[in-house]
Amino acid sequence: QVQLVESGGGSVQAGGSLRISCAASGYTSSTKCMGWFRQGPGKEREGVTSIDIVTGFIDYLDSVKGRFTISRDNDKNILYLQMNGLEPEDTSMYYCAADRARWVAESVVVSPGRPEYWGQGTQVTVSS
């Protein structure tokens, strides 16, 4: 089992920045992929960015490329998402995810058990 706890969400004005974090604990050595997902009101949950733990490959949703950066502190088992140039359309609940399977954020189909582990989410609100 892997436990994920997000932190760092909040409210900002358009153009602002936020960094959210995800602390992982438990059987983290089995994790091969981690990522960030988001779900806005009335919308499907979508993959924002992912990092392949084995290869280091990073993937981003087109709409966040150049604005968001995923990173991982391997020693502390913390996943970060630095969000710059935030837009009102970025307003969502952001979820950290981890999996023993490997996928990329843009193409993974969210379904029961995929990704395998989820955090509780942290709200990001961007006002215009």
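**Exercise 1. Surface and overall form**

*Solution.* The structure is a predicted model, in which local features need pLDDT of at least 70 and side-chain atom pairs count only at pLDDT 80 or more, while totals for chains, interfaces and linings use all residues. Residues are numbered from 1 along each chain as its sequence is written, and side-chain values use heavy atoms, with hydrogens and water left out.

Step 1. The C-alpha trace spans about 40 × 30 × 25 Å along its principal axes.

Step 2. Of the 128 residues, 45% are buried (buried means under 20% relative accessible area, exposed over 50%, and partly exposed in between, with a 1.4 Å probe and protein chains only).

**Exercise 2. Strands and sheet**

State how many helices and strands the protein chain has, and describe the open sheet formed by 4 strands.

*Solution.* Step 1. The protein chain has 0 helices and 11 strands. Both are DSSP runs numbered from the N terminus: helices are H or I with at least four residues, and strands are E with at least two.

Step 1. In the open sheet, 4 strands follow the order 1-3-8-7 with antiparallel pairing; two strands pair if DSSP finds at least two bridges between them.

Step 2. Strand 1 (2-7) and strand 7 (68-73) are the edge strands, each pairing on one side only. On average, neighbouring strands of this sheet are turned by 20° against each other, direction ignored. The axes for this angle are lines fitted to C-alpha atoms, for helices over the stretch in contact, and angles run from 0 to 180 degrees between N-to-C directions.

Step 3. Strand 7 and strand 8 (residues 78-83) run antiparallel and are joined by 6 bridges. T69 has Q82 in strand 8 as its bridge partner.

**Exercise 3. An aromatic cluster**

Which residues form one aromatic cluster? Classify the pair of F37 and W103 and the pair of Y95 and W118.

*Solution.* Step 1. The cluster consists of F37, Y95, W103 and W118. Rings of Phe, Tyr and Trp (its six-membered ring) pair if their centres lie within 6.5 Å; planes under 30 degrees apart count as stacked, over 60 as edge-to-face and the rest as tilted.

Step 1. This rule gives 3 aromatic pairs. In one of them, the ring centres of F37 and W103 are 5.6 Å apart and the planes stand at 70°, so the pair is edge-to-face. F37 lies in strand 4 and W103 in the loop between strand 9 (92-99) and strand 10 (117-118), so the pair ties together parts that are 66 residues apart in sequence. Both F37 and W103 are buried.

Step 2. The ring centres of Y95 and W118 are 6.2 Å apart with planes at 90°, so this pair is also edge-to-face. Y95 belongs to strand 9 and W118 to strand 10, so parts 23 residues apart in sequence are tied together.

Step 3. Y95 is buried, with a relative accessible area of 13%, whereas W118 is partly exposed at 27%.
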